[in-house]
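Hello,

Here is the two-chain model I promised to pass on. Please have a look at it first, and then read my notes below.

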Amino acid sequence: MTSETTQPSEAPILVVEDNKAIYRELSWQGLWKNNPGIVQLLGLCPLLAVTNTVTNALGLAIATLFVLVASNTLVSLIRHHIPKAIRIPIFVMIIAALVTCVQLLMNAFTYELYLSLGIFIPLIVTNCIIIGRAEAFASKNNVKHAAFDGLMMGMGFSAVLFALGAIREVLAQGTLFDGIETLLGEWASFLTITLYHTDTSFLLAALPPGAFIVMGVIIALKNAIDHRIENKK
Amino acid sequence: MKNAISRNGLLLTAFAIICTAAVATVNQLTKPVIAEQEQIALLKTINQLIPADAYDNDIFSSCFIINDDLLLGKGQSQQVFIATKADKPVALMLETSTFRGYSGEIKLAIGIFANGKVAGVRVIRHAETPGLGDKIQTNKSNWIYSFNGKSYQKSQDAHWEVTKNGGDIDAFTGATITPRAVTLAVKDALIYFQKNSTKLFNQAPNCGAL
């Protein structure tokens, strides 16, 4: 029984001696090299669906980031106590419970944003980044590293959401941070910038096809930058 | 083997219990806040339609439920709120749904003065095309205000249409289906109000705790 149920000894993916180097590597992986949004292409459904304005994108980004850090932390905390055979259902339960809590909290404290994000909050459950990081990283590393990995992966995802949201909002309606007060409260309404005024918005950018196109451009840009760095070496 | 199965089973049960307990706790803690938020949002809508100083009753406790498959959306239960001043009916706000829009349900709140005039119309929720149909929202366009002060007479039935179909209501550029759906929904609600106005203003509240 014991041989079957206890976890094999710690098997970190990153064999780096220096502690600082680990954090640097984790940041690099999450924010750029292995960015969940534009490299791993995980969680595309919410990514493309809610990035029509910066406010929506930020709302989902914050919710996802929180769930990711919390789920990585919890999974890492219990990693020695759960048998391999049932780890996935347990991860799923933890993630589902966390997302439901976030959903309830957003419903209570950011009511209008909750209404505008709607179905995409519960859909964080199905975002592959979260179960992916739980399985690939958090279940094999200590709590500090797992939490930091969640933070960095979440920030990487958030950055992509933000960029997509900003580009699409400017193209579609000529504004930035429109409706931000639903996320941060009334004081933040000064952030709303109107770059140009239009009566008929540029529909393509506002609708899902525009999301795909902008996403493609961002990925191409990232690859071009990588290529350039490669060539310089 | 048997041991392993029962151990796994127990562990899964334990996790299920812990997770459910966590969700239940958060639910309990946020429930009053959510109810309060919903009420604030609703009151905001009501007061956009019926000025707060026009009535003096506790508008939430005047709530009751109506339904009318033909005029207020098939299979939908709609809330009605009655505004009175010194026990005289001033206006009411009723919800209505229409499925004649471009995608799914459009839910509206319509304020109607006791004399049958429209106090105002607001969209509670919709899934119309962003950039086109969403001009029915007040933050995108002033279009929805064009109903203010209008009323319905049977002899003028044809006027309650978008201009494209020979009516009085201007549709906005780029979309006809959405404004038409809203126009017809407002018209149907006004017809419902005319048919039932005495009954509506004398209805006992039955929304329960709200």
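How many helices and strands are there in chain B? Chain B has two helices and five strands, where helices (H or I, at least four residues) and strands (E, at least two) are DSSP runs, numbered from the N terminus.

Before the details, a word on what you are looking at. This is a predicted model, in which local features need pLDDT of at least 70 and side-chain atom pairs count only at pLDDT 80 or more, while totals for chains, interfaces and linings use all residues. Residues are numbered from 1 along each chain as its sequence is written, and chains are lettered from A and ligands numbered from 1 in the order in which they are written.

**Chain B**

Read from the N terminus, the elements of chain B go α-β-β-β-β-β-α. The C-alpha trace spans about 80 × 45 × 30 Å along its principal axes. The radius of gyration of chain B is 22 Å, whereas a compact globule of 210 residues would have one near 17 Å; this radius is taken over C-alpha atoms, and the globule rule is 2.2 Å times the number of residues to the power 0.38.

Of the 210 residues in chain B, 33% are buried. A residue is buried if 20 or more other C-beta atoms lie within 10 Å of its own, exposed if 12 or fewer, and partly exposed in between, with C-beta atoms placed from the backbone. If you take the contacts in chain B between residues at least 6 apart in sequence, 53% join residues at least 24 apart; two residues are in contact if their C-beta atoms, placed from the backbone, lie within 7 Å.

Two loop residues of chain B are worth a click. Ile144(B) sits in the loop between strand 5 (118–125) and helix 2 (177–201) of chain B. Ile144(B) counts as buried because 20 other C-beta atoms lie within 10 Å. Leaving aside residues up to four places away in sequence, Ile144(B) touches Val121(B), Arg122(B), Val123(B), Ile136(B) and Thr138(B). Asp87(B) is in the loop between strand 2 (78–85) and strand 3 (88–98) of chain B, and its phi is near 65°, a positive value in a residue other than glycine. Asp87(B) is exposed, with 7 other C-beta atoms within 10 Å.

**Chain A**

Chain A contains 11 helices and two strands, in the order α-α-α-α-α-α-α-α-β-α-β-α-α from the N terminus. The C-alpha trace of chain A spans about 70 × 50 × 30 Å along its principal axes. Buried residues account for 42% of the 233 residues.

One buried residue to look at is Phe177(A), with 22 other C-beta atoms within 10 Å. Phe177(A) lies in the loop between strand 1 (175–176) and helix 9 (181–184) of chain A, and its phi is near 60°, a positive value in a residue other than glycine.

Next, a helix pair. Helix 2 (residues 19–33) and helix 8 (residues 143–173) of chain A cross at roughly 30°, and their axes come within 7 Å. Here axes are lines fitted to C-alpha atoms, for helices over the stretch in contact, and angles run from 0 to 180 degrees between N-to-C directions. The two helices of chain A, helix 2 and helix 8, are therefore roughly parallel to each other; angles under 35 degrees count as roughly parallel, over 145 as roughly antiparallel, 65 to 115 as roughly perpendicular and the rest as oblique. Among the residues that meet are Leu26(A) and Leu31(A) in helix 2 and Phe148(A) and Met152(A) in helix 8 of chain A.

**Where the chains meet**

In the interface, 26 residues of chain A are in contact with 23 residues of chain B. Helix 5 of chain A gives the largest share of the chain A side, 11 residues. By class, the chain A side has 19 nonpolar, six polar and one charged residues; Ala, Val, Leu, Ile, Met, Phe, Trp, Tyr, Cys and Pro count as nonpolar, Asp, Glu, Lys and Arg as charged, and the others, Gly among them, as polar.

Best wishes
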